[in-house]
Amino acid sequence: MPNQISNISPKILIITLISIGFNNYFLPTDAKETGKALIESTCKKTQYPEECISALESDPGSFTANVTGLTRIAVEKSATKLVETLHIVETLVLNATDYLTWGFLVNCRDTYNISVPQIQRGLQAFDRLKFDKSYESVEAVNNAVIGCDRQGWTLPILTQVNRALFRLTKDTMMILHLLF
């Protein structure tokens, strides 16, 4: 019996060492990071890193999340920012003083209204690990912002909220892309 145990132990030891070496070589260093370090390293891969860091750090769950968890938080933040932007646009619609501005704002509002269920489906897709579908939903919101901006109206408050939503969704798309 002692011979069988001594024969197994070196095999297990070799497999364990190979496994550790494999994991250390092939897993990205981000997989080992957590907290502020993971937030910063993830956001450095985005187009607007400072805004990304600020958005993720505003959620306490980010400090204990892995990359997948951070990405989920980023999608949630995008959904929340979309709803906030929609409320601002709705207020602008109600307070529009001329027909052309009102029409422009109604178009933006309607586009954002369509985007809300899209990003909600994107969150559901994320939970089913269909990251590509989640990406598409965030991309649809990003395209809605671009469409609203392309109408050519320059209302400072709208420009400001659209810029924030555009940047957040753009960064969220880049983070989502890390998962597939």
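**Exercise 1. Decide whether Lys 81 is buried, partly exposed or exposed, and find its salt-bridge partner.**

Step 1. In this predicted model, Lys 81 has a relative accessible area of 27%, and the classes are buried (under 20% relative accessible area), exposed (over 50%) and partly exposed (in between), computed with a 1.4 Å probe on protein chains only. Lys 81 is therefore partly exposed.

Step 2. Lys 81 forms a salt bridge with Glu 84, the closest N and O atoms being 3.6 Å apart; the term requires a side-chain nitrogen of Lys or Arg within 4 Å of a carboxyl oxygen of Asp or Glu. Glu 84 is partly exposed as well, with a relative accessible area of 39%.

Step 3. Both residues lie in helix H4, three residues apart, which is about one turn of the helix; helices here are DSSP runs (H or I, at least four residues), and strands are runs of E (at least two), numbered from the N terminus. An α-helix has 3.6 residues a turn, so residues three or four places apart point the same way.

The residue numbers used here start from 1 along each chain as its sequence is written. Because this is a predicted model, local features need pLDDT of at least 70 and side-chain atom pairs count only at pLDDT 80 or more, while totals for chains, interfaces and linings use all residues, and side-chain values use heavy atoms, with hydrogens and water left out.

**Exercise 2. Describe the salt bridge between Lys 36 and Glu 57.**

Step 1. The side chains of Lys 36 and Glu 57 meet at 2.5 Å, N to O. This pair links distant parts of the chain, with Lys 36 in helix H2 and Glu 57 in helix H3, 21 residues apart.

Step 2. Lys 36 is partly exposed at 43% relative accessibility, and Glu 57 is partly exposed at 25%.

Step 3. Lys 36 and Glu 57 also belong to a network of salt bridges that includes Glu 40, and the structure holds nine salt bridges.
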